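Dear colleague,

Please find below the structure that I am handing over to you. My notes on what was found in it follow directly after.

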Amino acid sequence: MQRVVLVTGTSSGIGLELARKLSNSDYRVIITARRNSLPLLTQEFAENSRFLIRELDLTDFSAIHTLVDEIERFWGGVDILVNNAGISYRSVVEDMTDTDEWRQMATNYLGPMCLIRSVLPSMRQKRAGRIINVSSVGGMMAMPTMASYSASKFALEGASEALWYELRPWNIQVSLIQPGFIHSESFRRVVYSQTHQARLLRHERSPFQAYYEQMERFVTLMMEHAPQTAEDIADLIIHTMNRRRPPLRVPGTLDAHLFALLRRLLPRSLYHQLLYRLLPGIRLWGKEE
Ligand SMILES: NC(=O)c1ccc[n+]([C@@H]2O[C@H](COP(=O)([O-])OP(=O)(O)OC[C@H]3O[C@@H](n4cnc5c(N)ncnc54)[C@H](OP(=O)(O)O)[C@@H]3O)[C@@H](O)[C@H]2O)c1
């Protein structure tokens with residue numbers, strides 16, 4: 001039997017590269033995107049008896065159940081779930097609104113968890129399945145202006161770790177892919193908080209102006225010069241899908257390996273002091289009124 005793979009967030013970046021690779025594979029595949037991005041997918045991919053394109057917004061939990069029900073009727077359930085879709089707020093904690101926090105958590109944690117809960121009964125019945133959650137270096141370390149993003153990925157990491165224990169007796173493998181900086185345009189898709197957007201509209205400087213400017217410059221530079229690409233991460237996901245016993249955590253880039261090592265080896269207080277000193281333009285932070 002061809003295994004059924006469901007991938008979220010396939011309109012760009014890692015998800016799109018994964019969709020391209022899966023469209024030429026033996027799997028039965030469902031790729032998903034939100035309504036506005038569906039035309040991008042229908043232009044590039046053609047539906048056929050083993051390849052489906054569906055709308056899915058992860059913040060719409062009833063749509064998640066409807067889609068999984070459809071896949072169960074059509075193909076008997078999902079064998080491999082790749083929770084790839086994600087957004088990243090660039091915002092200091094003080095600027096986030098409740099709505100911003102909800103959107104960040106719903107997209108990166110609550111939606112993926114809802115999807116996992118929906119596919120699990122059929123995986124358990126078959127005593128087989130794979131859940132691959134795309135996390136981030138932000139899921140092992142937090143950075144200023146990325147608190148909510150990190151919180152969402154830390155949450156995904158924690159839940160995945162618990163699931164790894166829960167599902168092992170059912171022969172369901174759980175893995176976290178942890179990309180760091182990759183050569184991609186995704187820094188252009190960061191989301192700004194309602195507070196920050198309103199301030200920009202009023203041409204007002206923020207007390208955290210230096211944080212935003214320096215972090216934006218740093219992240220853009222790192223992404224422009226990163227050696228690994230979205231395609232490399234897509235290859236890593238496929239490799240993980242095909243491994244007989246994939247590990248729980250799969251670092252995706254060189255910096256992911258480096259930070260995992262630093263966090264393991266350095267005493268925590270030293271690690272935080274070191275990172276603080278290395279923050280871009282740290283001497284300018286906290287100087288605005
Ligand atoms: N790029 C990196 O450097 C990097 C590093 C570490 C981790 N990651 C993680 O890797 C994953 C993919 O990142 P990427 O850089 O490839 O991202 P990307 O190019 O920005 O693509 C994100 C995808 O998520 C979808 N998405 C956003 N909000 C959604 C929602 N509410 N419901 C359903 N889909 C939604 C987007 O679809 P729409 O077209 O509908 O917006 C898009 O297809 C994410 O989980 C990200 O956190 C990326």
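Strand 4 and strand 5 pair in the parallel sense, over four bridges; two strands count as paired if DSSP finds at least two bridges between them. Helices (H or I, at least four residues) and strands (E, at least two) are DSSP runs, numbered from the N terminus. Across this pairing, V82 stands opposite I132 of strand 5.

The model is a predicted one, in which local features need pLDDT of at least 70 and side-chain atom pairs count only at pLDDT 80 or more, while totals for chains, interfaces and linings use all residues. Residues are numbered from 1 along each chain as its sequence is written, and side-chain values use heavy atoms, with hydrogens and water left out.

The strands form an open sheet of seven, in the order 3-2-1-4-5-6-7, with parallel pairing. Strand 3 and strand 7 (249–251) are the edge strands, each pairing on one side only. Neighbouring strands are turned by 15° against each other on average, direction ignored; axes are lines fitted to C-alpha atoms, for helices over the stretch in contact, and angles run from 0 to 180 degrees between N-to-C directions.

Strand 1 runs parallel to strand 2, to which four bridges join it, and parallel to strand 4, with three bridges. L6 has I30 as its bridge partner in strand 2 and stands opposite L81 in strand 4. Helix 4 (residues 98–126) packs on the sheet and touches strand 1, strand 4, strand 5 and strand 6 (172–178). The direction of helix 4 makes about 175° with that of strand 4.

In a regular strand the side chains alternate between the two faces of the sheet. Both faces of strand 1 are covered, with V4 and L6 on one side and V5 and V7 on the other, all buried (under 20% relative accessible area; exposed is over 50%, partly exposed in between; 1.4 Å probe, protein chains only). In strand 5, six of its six residues are buried: G129, I131 and N133 point one way, and R130, I132 and V134 the other way.

The nonpolar cores

A nonpolar core is a set of buried Ala, Val, Leu, Ile, Met, Phe, Trp, Tyr and Cys residues joined through side-chain atoms within 4.5 Å. The largest core has 30 residues, of which L22, V82, I237 and M241 touch the most other members. Among the elements that give two or more residues to this core are helix 1 (13–23), strand 4 (80–83) and helix 8 (230–242). Helix 8 gives the most, with seven residues. Leaving aside neighbours within four places in sequence, V82 is in contact (heavy atoms within 4.5 Å) with residues including V5, L18, I132, I237 and M241. A second, separate core of 29 residues includes I71, A85, L120 and L163.

Helix contacts

Helix 9 (residues 254–265) and helix 10 (residues 268–278) pack at an angle of about 135°, with their axes 8 Å apart. The two helices are therefore oblique to each other; angles under 35 degrees count as roughly parallel, over 145 as roughly antiparallel, 65 to 115 as roughly perpendicular and the rest as oblique. F259, L262 and R263 in helix 9 meet R268, Y271 and L275 in helix 10.

Finally, Q214 lies in helix 7 (residues 209–225) and is buried, with a relative accessible area of 14%. Not counting residues up to four places away in sequence, Q214 touches P280, G281, L284 and W285.

With kind regards
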